[in-house]
2 protein chains.
Amino acid sequence: MSASTPPRPVRADAERNVTRILEAAKVVLADDPTASLERIADEAGLARATVHRRFACRKALLDALFAQLNEQYLHALDEAKVETAPPLVALHRVTELVIGIKFSHRLAVDVVSRVHNGHSFLGDEVVERAELLFSRLHAAGAITAASPSWCLRLYLAVLDAVHQLPAGAPELGEGDDAAARTRLQVSTVLGALGGRGPQ
Amino acid sequence: MSASTPPRPVRADAERNVTRILEAAKVVLADDPTASLERIADEAGLARATVHRRFACRKALLDALFAQLNEQYLHALDEAKVETAPPLVALHRVTELVIGIKFSHRLAVDVVSRVHNGHSFLGDEVVERAELLFSRLHAAGAITAASPSWCLRLYLAVLDAVHQLPAGAPELGEGDDAAARTRLQVSTVLGALGGRGPQ
DNA sequence: CACAAATGCAACACGAGAGTCTCACTTCTG
DNA sequence: CAGAAGTGAGACTCTCGTGTTGCATTTGTG
């Protein structure tokens with residue numbers, strides 16, 4: 001789309017700060033979706049004015065944030081070969097990647113549902129492809145629940161619960177944290193949706 | 001504590017408005033946890049000044065709201081005989097009652113976690129008794145998950161998902177809405193926590 | 001190095017919401 | 001019915017966050 005660098009006088013310096021701001025926004029907004037731009041600027045180690053220079057207004061910043069998130073989701077769906085791989089494998093793989101996206105999904109829901117009034121924080125394409133995965137899981141007999149939208153809703157609810165689980169929780173066992181959360185997420189969702197689960 | 005009515009010149013009129021305000025707050029805050037007192041006053045059909053007369057400040061209103069919610073939860077736990085009845089029966093019964101409390105639990109989480117910084121929106125007693133129920137479920141072999149706190153966390157996450165489900169959703173079947181949601185909640189949670197579920 | 005770009009800082013205007021107060025008016029309650 | 005309690009409406013203060021601007025200074029880049 002626009003990864004090239006044509007006659008573009010954007011100093012590398014500035015672009016780096018864009019990243020910093022987005023990163024800071026993730027952290028701060030996860031703690032409080034209504035946090036001020038000043039808090040975000042502080043977290044990024046920049047002046048508030050700079051935030052306003054990189055992003056026209058608050059909404060623009062949030063747009064960028066969610067655009068980035070969406071891109072990561074799409075990448076995860078690609079990587080997991082959601083429409084072709086065996087559904088259980090794809091579910092596990094996509095979950096692994098989604099868990100890797102250190103991002104409070106509740107944040108997304110919170111912020112989007114009222115600051116961003118209207119459109120879902122998940123792009124239509126993400127929703128469609130995710131629901132397709134659940135359809136495939138159902139067709140394969142891995143789950144009983146038939147409605148993909150309910151499956152997705154539940155998946156996200158559980159994802160939030162798993163995400164909020166403190167680091168050393170007993171449910172996570174002892175090994176790698178991300179791997180443990182992935183396992184917990186997958187087995188919980190499969191159980192919830194009427195599957196037997198791989199455990 | 002203070003349920004008596006000593007030399008208390010509280011006009012019935014005023015007390016009725018307290019109820020109206022709390023009711024309005026539930027509705028409005030469910031839509032937007034950061035809604036202004038004016039919106040709440042409008043919803044209640046009262047002037048903003050009146051809200052300030054009944055509740056010293058925003059925090060006081062929220063305190064009252066959550067105190068009321070907590071009372072309802074405690075009542076549900078009593079009613080369901082959570083510590084003595086067969087755990088599966090108690091789970092079903094308490095869920096039935098909780099679903100009856102038309103209240104956005106996400107609202108509670110949202111508001112409490114930052115406006116009310118610090119204490120959980122669920123009173124300690126509610127948490128303890130709820131966790132005890134999950135312990136009993138585990139002991140009875142109805143679920144596999146051993147950590148009561150994880151069970152409760154997941155229960156609430158699922159509750160939110162079930163609560164947000166639109167009225168005529170396919171998952172709910174055709175009968176009574178509340179009963180259908182109760183069934184869905186119970187079977188989903190049991191499945192998620194490693195039980196077979198009663199379905 | 002020299003210049004343009006980017007930043008920090010401070011100040012400002014603006015709007016929204018909380019909380020307070022007064023006063024005329026309505027509504028309970030004894 | 002009479003007085004007390006409650007309310008609505010409006011004005012006012014205060015605080016906080018957003019968005020903008022000007023200017024001196026720092027930092028990147030050809």
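Start at the DNA, with B:Asn17. An N or O atom in the side chain of B:Asn17 is 2.4 Å from a phosphate oxygen of DNA strand D. Keep in mind that this is a predicted model. A backbone N or O atom of A:Arg58 lies 2.9 Å from one. For B:Ala47, the backbone distance to a phosphate oxygen is 3.1 Å.

DNA strand D is surrounded by 22 residues. The closest are A:Arg48, B:Arg11, B:Asn17, B:Thr50 and B:Arg54. By type, the surface near DNA strand D holds 9 charged, 8 nonpolar and 5 polar residues.

H3(B) gives the most, with 4 residues.

Next, compare the two protein chains. Chain A superposes on chain B by a rotation of 180°, with 0.1 Å of shift along the axis and an RMSD of 0.1 Å. The two copies are therefore related as by a two-fold rotation axis. How do the copies meet? Of the interface residues of chain A, 100% are also interface residues in chain B, so the copies meet through the same surface.

Is A:Gln185 buried or exposed? Its relative accessibility is 0%, so A:Gln185 counts as buried. The side chain of A:Gln185 reaches the backbone nitrogen of A:Leu159 at 3.3 Å. Leaving aside residues up to four places away in sequence, A:Gln185 touches A:Thr95, A:Ile99, A:Tyr155, A:Val158, A:Leu159 and A:Val162.

Finish with the cysteines. A disulfide is a covalent bond between the sulfur atoms of two cysteines. How many disulfides are there over all chains? The count comes to 0, by a rule that asks for two cysteine sulfur atoms within 2.5 Å. A:Cys57 has 39% relative accessibility, so A:Cys57 counts as partly exposed. A:Cys151 has a relative accessible area of 1%, so A:Cys151 is buried. The cut-off for buried is under 20%.

Technical notes: Residues numbered from 1 in each chain as written. Chains lettered and ligands numbered in written order. Predicted model: local features only at pLDDT ≥ 70, side-chain atom pairs only at ≥ 80, totals over all residues. Heavy atoms only, no water. Buried < 20%, exposed > 50% of the residue type's maximum accessible area, 1.4 Å probe, protein only. Least-squares fit on C-alpha atoms with pLDDT ≥ 70 in both. Contact = heavy atoms within 4.5 Å. Polar contact = N/O pair within 3.5 Å; in protein donor to acceptor, adjacent residues only side chain to side chain. Near = heavy atom within 4 Å. Helix = DSSP H or I, 4+ residues; strand = E, 2+ residues; numbered from the N terminus. Nonpolar A, V, L, I, M, F, W, Y, C, P; charged D, E, K, R; others polar.
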